[in-house]
Amino acid sequence: MSETEPRTARGIATKAKLLQAAETILARVGYTEASIVRITEEAGVGQGTFYLYFDGKLAVFEEVVEDLNRRVRHSMSEAASKGTTRIEAERLGFQGFFEFTAAHPALYRIVREAEFVSPRALRRHYTRIVEGYTDELERAKAAGEIDADPTVAAWMLMGIGEMVGMRWVLWGDRAEGTEDGPLDGAAGVVPPTVFDEMMRFIQAGLGSRPPGSDSETKEAPQ
């Protein structure tokens, strides 16, 4: 990343165009085959313009990961904020995540490549999601809505969302076949029955119950 951020509307728009182009190229051909030439051609700008905003290919890769992370967290938190209970927030948050994944299937390829291209970017991606998630779960536990350990639950829930999204959103009907297809192409959806089963599992795992309810089972009157 360059040391200075764009200060004009035109500069901000140009950088956003480069990030979008980089996301497209990285999803299409991967980090090794991606090049600054390909990115600038996709963005419709000159190579010199690229270096006004980024130091090189690694810098733009890391910022694409950061940009995807920022947008997916916003999508999840905005959706979850409409829930009136923790389990409602979970359902809405996962819906927001799957919708974002369907619109940006590049998230999977780019984040997984980060394990080898930039481990620090990979770690930032996951820890930023978990930090916000943990805060919400801690509030739910303090309110008596869940029993689970907030930090452990946050990591586990993130894993559930990622794997379910990969199987049904990213792979869709191709999961049982041999067709690979581009990861920046059309995506599927999580079937309602799968989503409901996932939420049943999550609710049981969290020990979710209505706010203010007794955690102890009371004996029925004789």
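A pocket is an open set of points on a 1 Å grid over the protein atoms alone, with protein on both sides within 12 Å along at least five of seven lines, while a cavity is a set where a 1.4 Å probe fits but cannot get out. Here, the largest pocket holds about 460 Å³ of space, and a search of the whole structure finds two cavities of 30 Å³ or more. This is a predicted model, in which local features need pLDDT of at least 70 and side-chain atom pairs count only at pLDDT 80 or more, while totals for chains, interfaces and linings use all residues. Residues are numbered from 1 along each chain as its sequence is written, and side-chain values use heavy atoms, with hydrogens and water left out.

**Confidence**
- The chain averages a pLDDT (the predictor's confidence in each residue, from 0 to 100) of 88, and 86% of the residues score at least 70.
- Over residues 181–186, pLDDT stays under 50, and the model has twelve contacts for them beyond four places in sequence; a contact means heavy atoms within 4.5 Å.
- Residues 215–222 also have pLDDT under 50, with one contact beyond four places in sequence.

**Pockets**
- Lining residues have an atom within 4 Å of a point, and a volume is the space filled by probe spheres set on the points, which are joined across faces, edges and corners.
- The largest pocket is lined by 22 residues, and Ser-77, Ala-80, Arg-86, Gly-132 and Glu-136 lie nearest its centre.
- H4, H5 and H7 are the elements that give two or more residues to this lining, and H7 gives the most, with seven.
- Helices here are DSSP runs (H or I, at least four residues), numbered from the N terminus.
- The lining of the largest pocket divides into seven nonpolar, eight polar and seven charged residues; Ala, Val, Leu, Ile, Met, Phe, Trp, Tyr, Cys and Pro count as nonpolar, Asp, Glu, Lys and Arg as charged, and the others, Gly among them, as polar.
- The second largest pocket has a volume of about 160 Å³, and its lining residues include Gln-95, Phe-98, Val-169 and Phe-195.
- H5 gives the most to the lining of the second largest pocket, with four residues.

**Cavities**
- About 180 Å³ of space lies in the largest cavity, which has 14 lining residues, with Phe-97, Ile-129, Met-158, Gly-161 and Glu-162 nearest its centre.
- At least two lining residues of the largest cavity come from each of H5 (86–103), H6 (106–117), H7 (119–142) and H8 (150–171).
- Eleven nonpolar, two polar and one charged residues make up the lining of the largest cavity.
- The second largest cavity holds about 40 Å³, and its lining has two nonpolar, two polar and four charged residues.
- Among the residues lining the second largest cavity are Glu-62, Glu-66, Arg-124 and Arg-128.

**Helix packing**
- H1 (residues 9–33) and H4 pack at an angle of about 105°, with their axes 9 Å apart.
- That makes H1 roughly perpendicular to H4, a term for angles of 65 to 115 degrees.
- Axes are lines fitted to C-alpha atoms, for helices over the stretch in contact, and angles run from 0 to 180 degrees between N-to-C directions.
- The contact of H1 with H4 has nine nonpolar, one polar and six charged residues.

**Around Val-194**
- Val-194 is found in H9 (residues 192–206) and touches Val-164 and Trp-168, not counting residues up to four places away in sequence.
- Val-194 and Val-164 are 30 residues apart in sequence and 8.7 Å apart in space, C-alpha to C-alpha.

Note on methods:
Angles under 35 degrees count as roughly parallel, over 145 as roughly antiparallel, 65 to 115 as roughly perpendicular and the rest as oblique.
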